[in-house]
Amino acid sequence: MTEATSAVVSAGRSGGHHDEDTPAIRTYGLRKRFRSGQVAVDDLDLTVPTGAVYGFLGPNGSGKTTTIRMLLGLVRPTAGRHELLGRAIPRESAQALPRIGALVEGPAFHPYLSGRANLHRLDAADRTADPATARARVDAALDRVGLLAAARKRYRAYSLGMRQRLGLAAVLLQPRDLLILDEPTNGLDPQGTREVRNLVTDLARDGATVMLSTHLLSEVEQICSHVGVMHVGKLLTQAPLAQVRSSAQARVEVETERPDLAEGTLRRFGLTGLSVAGTKVSALIGDVPPEKIVPVLVEDGVPVRAFGVQTPGLEDVFVSLTGEGFDVSG
Ligand SMILES: Nc1ncnc2c1ncn2[C@@H]1O[C@H](COP(=O)(O)OP(=O)(O)OP(=O)(O)O)[C@@H](O)[C@H]1O
């Protein structure tokens, strides 16, 4: 960590209740029922540990944006309460919000002004920012997101990735302890996606806690330390990514002309989750060592053509949680 960075982090932390043990985000039974009657978020208990890169994962329409809007006080919850950086929202918003950067909907940038001029406008609108140091602040933010070379270009000439990075630069005009980003790579090409993901990783490395929503499992796998899975307004699971991975159970798979016999053998081992598809029989292997299964299959007269143990990927875990596939491209 550079000196400048640690200064930023300690400057942020000095202002509040917040320490490493206090989660950066904590919600208690948060719920949103819209006037239409739709329950977009139901009984949500979210815990985002300090220092995490928390992937808030769910298919479109599962309630991620509504949750983020409630966190930031943009939408009033129907029930429940929450804390950001250890501060109750909305009661203690004034203490917490200056230390939180959010990218929810595209910030209003002026198309005919340059990236730099846009940031100067935003900086000037911040009453806490000292105008004497504006130039240094704006250039540091542009540099941070890799836009210094394109600082003089008009916003409307920016690619989507550059626009998204400028949005992040606007958030980074002030030091932040917590970043809340709604689908930060949505709509970006592969290059823009990579740039934004690298930036998120760098920001986390420098000490910020990051919560980002995404419908892409691959995004979670690449940059997140923790994951929370939303499905139809409910949080199905949240845990460190490594824990979710290890919770996945391996399956034993037998290929044979006599799936009926193989099924009988696997059943006698007490294996669960049996499935038969054509000549393939599979089951959750649990604690049974595979080398114990093979000789018994042979003894039982199963003509084994192939035998294997498949370790499931995260996708399998999520499909089993949600009963649906995720868009795993990107
Ligand atoms: N203002 C609103 N009034 C009524 N219903 C709403 C409103 N905003 C969102 N919804 C509904 O609430 C549900 C959750 O929407 P939300 O935008 O939070 O999901 P999401 O997970 O962020 O999805 P996406 O990735 O598409 O943004 C959806 O069914 C949506 O139609």
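In this predicted model, six strands line up as an open sheet with mixed pairing, in the order β7-β8-β9-β4-β10-β11. The edges go to β7 (100–103) and β11 (234–240); each has a single partner strand, so one side of each is left without a neighbour in the sheet. From one strand to the next, the twist averages 15°. As for how such strands hold on to each other, pairing in a sheet runs through backbone hydrogen bonds, in either a parallel or an antiparallel arrangement. Here β10 (residues 226–231) and β11 go the antiparallel way, with six bridges between them. One of the residues involved is Val229, whose bridge partner in β11 is Thr237.

Helix α2 touches β4 (53–57), β8 (178–182), β9 (209–214) and β10, and its direction makes about 145° with that of β8. Helix α6 also packs on the sheet, where it touches β7 and β8, and the angle between its direction and that of β7 is about 160°.

Stepping back to the whole chain, the protein has twelve helices and 15 strands. Of the 330 residues, 37% are buried. Among contacts with a separation of 6 or more, 70% are between residues 24 or more positions apart.

Next comes the interior. Nonpolar side chains in soluble globular proteins tend to be buried together. The largest nonpolar core in this model has 60 residues, and Ala169, Ile180 and Val210 touch the most other members. The biggest contribution to this core, six residues, is made by helix α6 (residues 160–171). Leaving aside residues up to four places away in sequence, Ala169 is in touch with Leu119, Ala141, Leu142, Arg144, Val145 and Leu147. Another core, of ten residues, lies apart from the largest one and includes Val252, Leu266, Val281 and Ile285.

Val48 sits in strand β3 (residues 47–48) and counts as buried because it has 24 C-beta neighbours inside 10 Å, where 20 or more are needed. Beyond four places along the sequence, Val48 touches Pro23, Ala24, Ile25, Tyr54, Thr209 and Met211. The C-alpha atoms of Val48 and Leu85 are 9.9 Å apart, with the two residues 37 positions apart in sequence.

Pro312, by contrast, belongs to the loop between β15 (304–310) and α12 (314–322). With 15 other C-beta atoms within 10 Å, Pro312 is partly exposed. Its contacts, not counting residues up to four places away in sequence, are Ala248, Ala250, Arg251 and Val317. Pro312 and Ser246 are 66 residues apart along the chain, yet their C-alpha atoms are separated by 9.7 Å.

Finally, the ligand. It has 13 residues around it, and Phe34, Ala40, Asn60, Thr65 and Thr66 come nearest. Helix α2 (residues 64–71) supplies the largest share of this shell, three residues. By class, the shell has ten polar residues, two nonpolar ones and one charged.

Definitions and conventions. Residues numbered from 1 in each chain as written. Predicted model: local features only at pLDDT ≥ 70, side-chain atom pairs only at ≥ 80, totals over all residues. Near = placed C-beta within 6 Å. Helix = DSSP H or I, 4+ residues; strand = E, 2+ residues; numbered from the N terminus. Nonpolar A, V, L, I, M, F, W, Y, C, P; charged D, E, K, R; others polar. Buried ≥ 20, exposed ≤ 12 C-beta atoms within 10 Å, placed from the backbone. Contact = placed C-beta atoms within 7 Å. Core = buried A, V, L, I, M, F, W, Y, C linked by C-beta atoms within 7 Å. Pairing = 2+ DSSP bridges. Axes fitted to C-alpha atoms, helices over the stretch in contact; angles between N-to-C directions.
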